[in-house]
There are 4 protein chains.
Amino acid sequence: MIHFESDYLEGCHPRLLKALCETNELQTVGYGTDEICDEARHIVENLCGETRVSVHFLVGGTQVNKTLIAAALRPHQGVVAADCAHIATHESGAIEATGHKVLTLPAVDAKLTAAAVDTYCAEHYASSTAEHTVQPGMIFCSNPSEWGTVYTRQELLELRKVCDKWSMALYMDGARLGSALCCEQVDYDYAFLASVCDAYTIGGTKLGCLFGEVLVISNESINRDFRYILKQNGGMLAKGRLLGVQFREILRDGLYLEIGRYENDLAMLVKRDLTEKGYRFLYDSCTNQQFPIFSDALIEQLSGRYMFSDNGRVDEGHRCMRICTSWATKKEDVEQLLRDIPAAE
Amino acid sequence: MIHFESDYLEGCHPRLLKALCETNELQTVGYGTDEICDEARHIVENLCGETRVSVHFLVGGTQVNKTLIAAALRPHQGVVAADCAHIATHESGAIEATGHKVLTLPAVDAKLTAAAVDTYCAEHYASSTAEHTVQPGMIFCSNPSEWGTVYTRQELLELRKVCDKWSMALYMDGARLGSALCCEQVDYDYAFLASVCDAYTIGGTKLGCLFGEVLVISNESINRDFRYILKQNGGMLAKGRLLGVQFREILRDGLYLEIGRYENDLAMLVKRDLTEKGYRFLYDSCTNQQFPIFSDALIEQLSGRYMFSDNGRVDEGHRCMRICTSWATKKEDVEQLLRDIPAAE
Amino acid sequence: MIHFESDYLEGCHPRLLKALCETNELQTVGYGTDEICDEARHIVENLCGETRVSVHFLVGGTQVNKTLIAAALRPHQGVVAADCAHIATHESGAIEATGHKVLTLPAVDAKLTAAAVDTYCAEHYASSTAEHTVQPGMIFCSNPSEWGTVYTRQELLELRKVCDKWSMALYMDGARLGSALCCEQVDYDYAFLASVCDAYTIGGTKLGCLFGEVLVISNESINRDFRYILKQNGGMLAKGRLLGVQFREILRDGLYLEIGRYENDLAMLVKRDLTEKGYRFLYDSCTNQQFPIFSDALIEQLSGRYMFSDNGRVDEGHRCMRICTSWATKKEDVEQLLRDIPAAE
Amino acid sequence: MIHFESDYLEGCHPRLLKALCETNELQTVGYGTDEICDEARHIVENLCGETRVSVHFLVGGTQVNKTLIAAALRPHQGVVAADCAHIATHESGAIEATGHKVLTLPAVDAKLTAAAVDTYCAEHYASSTAEHTVQPGMIFCSNPSEWGTVYTRQELLELRKVCDKWSMALYMDGARLGSALCCEQVDYDYAFLASVCDAYTIGGTKLGCLFGEVLVISNESINRDFRYILKQNGGMLAKGRLLGVQFREILRDGLYLEIGRYENDLAMLVKRDLTEKGYRFLYDSCTNQQFPIFSDALIEQLSGRYMFSDNGRVDEGHRCMRICTSWATKKEDVEQLLRDIPAAE
C-alpha cells in the first residue's frame, strides 16, 4: 500500500533524527529555557529580519492556536475565520473552550477576503446593539489554507489594513507554511510575515519534524507574559530542548524550505498530470495537498494499492480525494500512481 | 558540573531512542489510533489486571491534569488537593482556566489525608449555604508527592472510601509513578491503582521517556467521549505513535520499573549516607527526590561542581536542596558527591 | 410618540406592582428559599401536570440560557440552534464564555427543523474524525422564535425524537412563551412542554414582569446541584422573593396567559389590517411581534409619531419594521396607527 | 419573631418603592441606556469629584464581581484576596468559572494588608519559576469586610501603592459601602474611593434597594468595551431603568448615607451595650454587622424570639452570632433585644 493520505504518516526527517540522537545525552534545563532553544530562537529572529519578534516553541497546532488566541483577545472578543478554517471545524471547540467565539465568514478559494472582513466589521460597529454581539478582535487565516490555496502578498497586506482599521490582530496558522513559502505564487518570506502579522506559526509536524510549531509573535502586547499562558495551556514541554533541537536543525540552513520545495514539486507532478488527463480539482491548490475529483469507479480501482483521504462526495458518481505529499514521499511512488490513473472519461 | 537538579535533564533512555529510530520510517495513521498505540494500550490494560480500563497517551503533565479534571467535573465542582499539590502551585492556573477551583487542604507529609478530606466534605454538606461554595468533586493526589513521599495501600483505600462516601472521583498524578512503585514502602502495583482510582497516570517524562504520560481511566463515565476532550485541550498528538512507541517499549518487559528501581537505589545511597553523617531532611522521602538541609557554607562549597535545585531557606544559615536521581544519573557521580560532603557540623 | 419598538418599555403590570408593594415590608430569607418562592414553584409544578419538574427563578434571559446550558453540557459538547437564535447572535458570546460552541443550522421560518438536526447529527457521528469536532449535546429553540413564529406540537415531538435518537437535551427559551401559548396555531400547554423538553423557560420580562424568567427543568440529571451553578453564574438574586412575588401573582390565576392573549389580539389587528392593505411581512408571525415591510417613504412619514424597531433593509426602497405589542399597549394606539397607514402601493 | 439575621430581609426603602411606582408606566429604551439611568450615572459621576469615572448598574454582587474581574485580568492573572473574602468563599467558584484563580492571603481583622500583598508579589516575581504560577493581577477587598471591619484611608493608600508597584488593579467590593462610609473610623468619601481604586461598587441590595450594585470604574482600560462583557455575563438588565430609578433616588440627596448612618447607629447601640455587659466579639466591627460571642444557653434562651445568623462555634459552650441591622430594623426591637440579654457571666 502506498500512502498519500496525509503528510504526518512517518516520524521525522533523517537529519532531525540524527540531531535528536546526537543530543540525547546532553543535559539541559527544562521548559525551553536551554541554550539549544535559544539558538533556535535566534535563527528564527534572524529569518524575521528587521521586525523584532518573540519566538516560542509548542508541540501541536490546536495548542498553539488556542494559546495564542487566549493571549490576544479580551473576553468579549471573537476571532474571525473562514468557514472552512481549522479552528472553526476541526479543533473540537478548543477556541470556544477558552471562552471565545469563532466568527465565520464565507471563504473564497478557502481564504478569508479583506473585503468580507471589512464589511462584517463595519456592520458590527454600525449596529446599535453591537455590544449584544461578539466583537471581532482578530483575524485567523491558515496559509496554506485548508484546501491548499495560498494568500498572495497583496491579500495579506489588505488583511493587515483591515486589522489596523478595526483594531484587530492578524494571526496566521502556518501548519504547512514551508509548502506555502515554496510555491510559485508566493513572493514573500518569513520576514514579510513577521512584518504583516501580529503572530504566525512555522509548522513542523507536517514538514518533517516529529512534532512542533514555532510561534512568532511580533506584537509585544500579545507577547507580554506569554510564557505564563503557555504553561497554563499545557504548552510548555518539560524537555523543551526537543523542540529546540529540531527547529535549530530544520531552520539553520534552509532544510525547512527544501522540504517544502520537495513536496510541492511532487504535488505539481500530480496536478499537471491529472489536469492534462482531464481531471477536475475541487480547489486550485499550489501546495502539497491536491484535491482531484475521481469517479467512484476509479477510486475503487486504486483502493487496493493507494491510500488517499476522502473529502466527501461531490456529485453522484464522484468524490474528492486528498493526495498529500511529504518529505518522505518517494518520487517513484508518485510516478507509479500517475501511471495507474487513466485519462478522465 | 554534575547535575542533580532534576530528572528530566536528558533526552530518553537508549532503548526508547532505539525504538524511535527503528520505527521512524514506518507509516501510521495519526492521533493515537495506530497499531503501535493499540499494542501499548493493550500492555497497560494487562498491567491493570482485572479492572477494565481505558488508556490514553498525552504529551505532558499539566495537559493531562487539566484534561482529566475538565472531563470529570461538572461546572460547580472543584478538586481537593494538598496545599503543596502541583495543580495548586505550579500549573499557572491551568485548572482554574478550565473553570474549576482547586480546594486545598493542609498536607501531612506532603500528602492529603482521608480524615482531612472527610471533615472538609462533612462541613461542606452540613452548611446551610453549601450551594454558595464550591462542591468537592474529586480528590487529586500526587504519588510520589511533590516532596517524594508515597501513599501507602491503606491510605489509598481510605481515600477511596472517602470518595465513595461523598461521591467524588479519585485521581492520582503519577508523574514519577515508577519511583513510587519501586520504593520499599509500597506493596501495590498498577492493577491495585486501577482498582482504587477512577483515573491515574504513569508518567514517562521523568522516568526516561522523551515525553509522555499514560492516562489510565477506570471510571467509564469519565472516559465517555474522552478523546473529544483530549482534542479540545490540545492533547492529541498528530504523530501519536511517538507515544505508543515509547510506552510500548518501556512497559512491555518492565523497563519502567527497572528505571524506577535504579533511581531509587541511587537516592537511597544519598539518603543513608547523609543521614549517617547527621544531615536532616525536610521530608522523609523514599523515592528519587531527596530534600536534605545543607548549610549555606556547604552549598557554596559544592556549587562549583554540583547542581541541585534550591527549595528555599529553612532557617538562618540553612537551605533545603533537592537532589534528584534519574535513569541517566551515574553511580560514580553520586559516590563522588557523597565523598565531597563532609559530616554535618 | 407612540412606542411599538419592544415589549419591555414599561415597568410591570399593575397587579404585579400591587403585589410587590403589599409584600414590601415582609421579612423573608434570601436567595429564593422563602415561602413565596415555594408557593410560586408549587404553582408551576401544578401547571406542568404529571411531569415532575424542578423550578428555578432567574432574573434575565442571557443568564438563564448560559446557566442552563453550562449545567447540561459536558465540555466537548455544543448546542445546536437556528442561525437566527438569540444565543447565536445576540448574547455577546455568553454561551462561548461558558466554553461551549453554538452549532448553527439554517432555520426554516426562523425555526430549527428536526430533519436538519437529524442530518447534522448523522453526519457528525458518521465522520471518522467526529472527535475532532464539537459533539451536538443539546437543541436550543426559541418559542416564539426570534421572528415571531411558533413551533407546532408535531414539530416539538419531532425535535424530541431527534434528541432521544442522538442523546441530546431539548431546551426551549420561552422569553415570550405567553404569546406562543395563546396563539391560534398552538394547541399545547405548560404540561406538554414539561413532558417534551428537558428544560424550558416561562419568560416574565416581556410579558409584564419587572424582570424574571421561570426555568422549568424536567430532566433530573440536569437539575442535580443546579443551585450551585445558579449561584456560580450570578443568577441567585439575594431578595429572591421578588421573583416569587411576581410569578406567584402572574401564574396563579392565568394572568400570564391573559396578557399573552391581549398582546396577540392587538398584534393580529395589525397583521390583518396590513395584510388587507397589501403589505408583505418578512415572516408570518402569529405572536406579538409583527414584521411588516414598509417603504422608506412610509417609514419617514410615520416616524414623527410612532417608534418601531428597525430590522434592516429588505430591498432598495423597503425596510422591515418590528411592531411589538405588550400588556401596556393601548388598543386605541394600535387603531390610530392603522388609520395612519395607507394601503400599500 | 424579630429578625436580625441579615440586611436583605425586606423589599426596599419606601422612597424607592414610591419612585418605582411613579415611573412604572413610563416608557424607556432598554438595557440601561435610558435617561433615568443617565441621570443616575450623572449623580454618581458628581459624587466621584474630579476623577473621571464610568458608571454601570448591575443586579447582584456575584455578577458584578465576576464581570469586573473578567474584564480586568488577562488569562494568566489571578486576584489577590483575603482568605475570608466573599469571592474566595461564598460565590460557588464564580471567579474560577471565568478562568481566574483567587489567590488568598491571611487576613488581619478580616482585611488584606498592603505588606502581605507586597511580600507575596515580591516572592512571585523573585521566583525563577514565576511563569509556572498565577500572576497576581488585581487586589480585591471588601469594604466593609466580611466581618464588618473597614479599611482606613491610610490602608487604602498603601494598597494603592502596592498595586502601582506591581502593576495590579485595585477593586473594592462595597456591598455594604453605605455602612462603611458612615462609620466613625472612616474619613473618606466616594470621590476618594474613585481616586484610589481602579473600580469599586456602591451596593444597593443591602442598603435598601430591591437589588442593584453601582459599579464605578476609574481605569479606562478596564472600562473599554465593558458593556459587551456586561452582556456576556448576563448582567445587562432588560428593564435597566429599574436600577436607574432606584439609584437616582437613593443617591440624589444622600438617602444612601442616611440609611448607612441609621443602621450603624443601631449597630453601635448593640455593640456598646454588649461590651458593657461583658460580651466579647469575634471582630471589632464598626459597621452594621456585629459578631458577639454568646453562650449556648443564651442562644437557646433568645431563640424563641430573635433570629440571628450563626457564624459557628468559637469554643465549647460558645458560638458567634451575627446581628445585622438595616434600614428596616426598628429601634424598639433593638432595645427590646438588649433588654433581653443579661450581663455576660
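**How the copies meet, and what one chain looks like**

Let's start with chains C and D: 100% of the interface residues of chain C are also interface residues in chain D, so the copies meet through the same surface. Keep in mind as you look around that this is a predicted model.

In general, two copies of a chain are related by a rotation about an axis and a shift along it. For chains C and A, the rotation is 180° and the shift along the axis is 0.0 Å, with an RMSD of 0.0 Å once chain C sits on chain A. The two copies are thus related as by a two-fold rotation axis. The same surface serves both of them, too: 100% of the contact residues of chain C turn up again in chain A.

What does that meeting place consist of? On chain C, 17 residues are in contact with 17 residues of chain A. Sort the chain C side by class and you get eleven polar residues, three nonpolar ones and three charged ones.

Next, take chain A by itself. Its C-alpha atoms fill a box of roughly 60 × 55 × 35 Å along the principal axes. A compact globule of 345 residues would have a radius of gyration near 20 Å, and chain A, at 21 Å, agrees with that. Of those 345 residues in chain A, 59% are buried. If you trace the chain, you'll find 15 helices and 13 strands.

Domain 1 is made of two stretches, 2-7 + 256-340, while domain 2 runs over 14-253. Their C-alpha centres lie 27 Å apart. Where the two domains touch, domain 1 of chain A puts in 19 residues and domain 2 of chain A puts in 21 residues.

Which elements build the domain 1 side? Helix H13 (255-276) and strand S9 (289-290) of chain A are the ones that give two or more residues to it. H13(A) gives the most, with seven residues. By class, this side of domain 1 of chain A, facing domain 2, has eight nonpolar, seven polar and four charged residues.

Notes. Residues numbered from 1 in each chain as written. Chains lettered and ligands numbered in written order. Predicted model: local features only at pLDDT ≥ 70, side-chain atom pairs only at ≥ 80, totals over all residues. Least-squares fit on C-alpha atoms with pLDDT ≥ 70 in both. Contact = placed C-beta atoms within 7 Å. Nonpolar A, V, L, I, M, F, W, Y, C, P; charged D, E, K, R; others polar. Domains from an automatic or database assignment. Helix = DSSP H or I, 4+ residues; strand = E, 2+ residues; numbered from the N terminus. Rg over C-alpha atoms; globule rule 2.2 N^0.38 Å. Buried ≥ 20, exposed ≤ 12 C-beta atoms within 10 Å, placed from the backbone.
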